[in-house]
Amino acid sequence: ATPVIDLKAESKSNPNQTAPHPAHLYPHLLTLIMMNEESPAPAEGAEQVEVTSPASATDAEADPNGPAKGKGGCCSSTKKFFLYDSTRSEIQAFYFNQFGRSILFISFMFLSLAILELAHQQAGCPKTENGGYENCGNTVYGFLPSSMLALMATIGGIASSLFMPYAGAVVDYSDRRRGFGKVCATLLVLVNFVQIFIFESTWFVMTILQAVVASAAFMANAMVLWSYVSAPDDHTLHGITASGRNWEVFGMLSFFIVVGIVQFTSGWD
């Protein structure tokens, strides 16, 4: 065995002795170098294990929505933007429902314009030069044509306020929550489909359907929808709601794009 020389110990045992010359250490250094050169190299084909720090493994498992190993961060960021925590089926249904509800919601804008125009026509109000209608003071079904939208909003608010306690009881205290949500979604689709056939003779019926049935079903569907949204922490909940809002905006933009394409290709005014 190679002896170990402790210079401090030697200097303390004999203070009058001078420190050894560096040449005194050369034989020991030469021995260490020779031992290092004679150490066997790893055999060819031997398995080499790559050591990973615990911190990096913890960071990779900390965020389930983070980029997977071997994949770029761009795709992962896009998935977080639109499909945050989409591994759960109820969250996927939440995103798809947000897309459909936004299309139903934005379609009411075109329906409201049709209701106003048909109400003014039935009241006999003359058109202006820019294509609008004058406020002639005539009434239809006892109301001014210009107040139809405000009347719809009032009736819809009353209908929703009367229906919401029942809807909340079904969601919170029964096992019919999923079936109740399906019924509300079906009513929304059916009412929206029927409103395609709005004419001079049917516009008032469509107004009642929109104010009473569609408004209450829309709010009840939202109640059922949000009852399925849960998250283990606030950060995940914020990501889910943000992705849901992105799906709403995407649905509205898609609706406008389809309407624009139909208008330009068909030549409708």
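## Legends to close-up views of a predicted helical model

**View 1. Contacts of Met148 and the largest nonpolar core.** Leaving aside residues up to four places away in sequence, Met148 touches Ile115, Ala119, Val140, Phe143 and Trp203. The coordinates shown are those of a predicted model. Met148 belongs to the largest nonpolar core, which has 13 residues, and is one of the members that touch the most others, together with Ile115, Ala119, Val140, Ile198 and Trp203. At least two residues of this core are supplied by each of helix H5 (89-123), H6 and helix H8 (203-227). H5 provides the largest share, with 5 residues.

View 2. The chain contains 17 aromatic pairs. In one of these pairs, Phe163 and Tyr166 adopt a tilted arrangement, with 5.9 Å centre to centre and 45° between the planes. The two residues, Phe163 and Tyr166, are separated by about one helical turn because they lie 3 residues apart in helix H6 (residues 148-173). Phe163 counts as partly exposed, its relative accessibility being 25%. The pair formed by Phe193 and Phe197 is edge-to-face, with 5.7 Å centre to centre and 85° between the planes. Phe193 is partly exposed at a relative accessible area of 48%, and Phe197 is likewise partly exposed at 43%.

**View 3. A cluster of aromatic rings.** Phe96, Phe99, Trp247 and Phe250 are linked into a cluster by ring pairs.

**View 4. Arginine charges over aromatic rings.** Arg101 places its charged end over the ring of Phe218, at 4.4 Å from the ring centre. The charged end of Arg177 sits over the ring of Tyr228, 3.9 Å from the centre of that ring.

**View 5. The whole chain, as context for the close-ups.** The chain comprises 9 helices and 0 strands, so that its elements run α-α-α-α-α-α-α-α-α from the N terminus on. Of its 269 residues, 25% count as buried. Among contacts in the chain with a separation of 6 or more, 66% are between residues 24 or more positions apart. The accessible surface of the chain comes to about 18600 Å², and carbon and sulfur atoms account for 64% of this surface.

Key
Residues are numbered from 1 along each chain as its sequence is written. This is a predicted model: local features need pLDDT of at least 70, side-chain atom pairs count only at pLDDT 80 or more; totals for chains, interfaces and linings use all residues. Side-chain values use heavy atoms; hydrogens and water are left out. Rings of Phe, Tyr and Trp (its six-membered ring) pair if their centres lie within 6.5 Å; planes under 30 degrees apart count as stacked, over 60 as edge-to-face and the rest as tilted. Helices (H or I, at least four residues) and strands (E, at least two) are DSSP runs, numbered from the N terminus. Buried means under 20% relative accessible area, exposed over 50%, partly exposed in between (1.4 Å probe, protein chains only). A charge sits over a ring if NZ of Lys or CZ of Arg is within 6 Å of the ring centre and within 35 degrees of the ring normal. Contact means heavy atoms within 4.5 Å. Accessible areas come from the Shrake-Rupley method with a 1.4 Å probe; for residues, only the protein chains shown count as cover. A nonpolar core is a set of buried Ala, Val, Leu, Ile, Met, Phe, Trp, Tyr and Cys residues joined through side-chain atoms within 4.5 Å.
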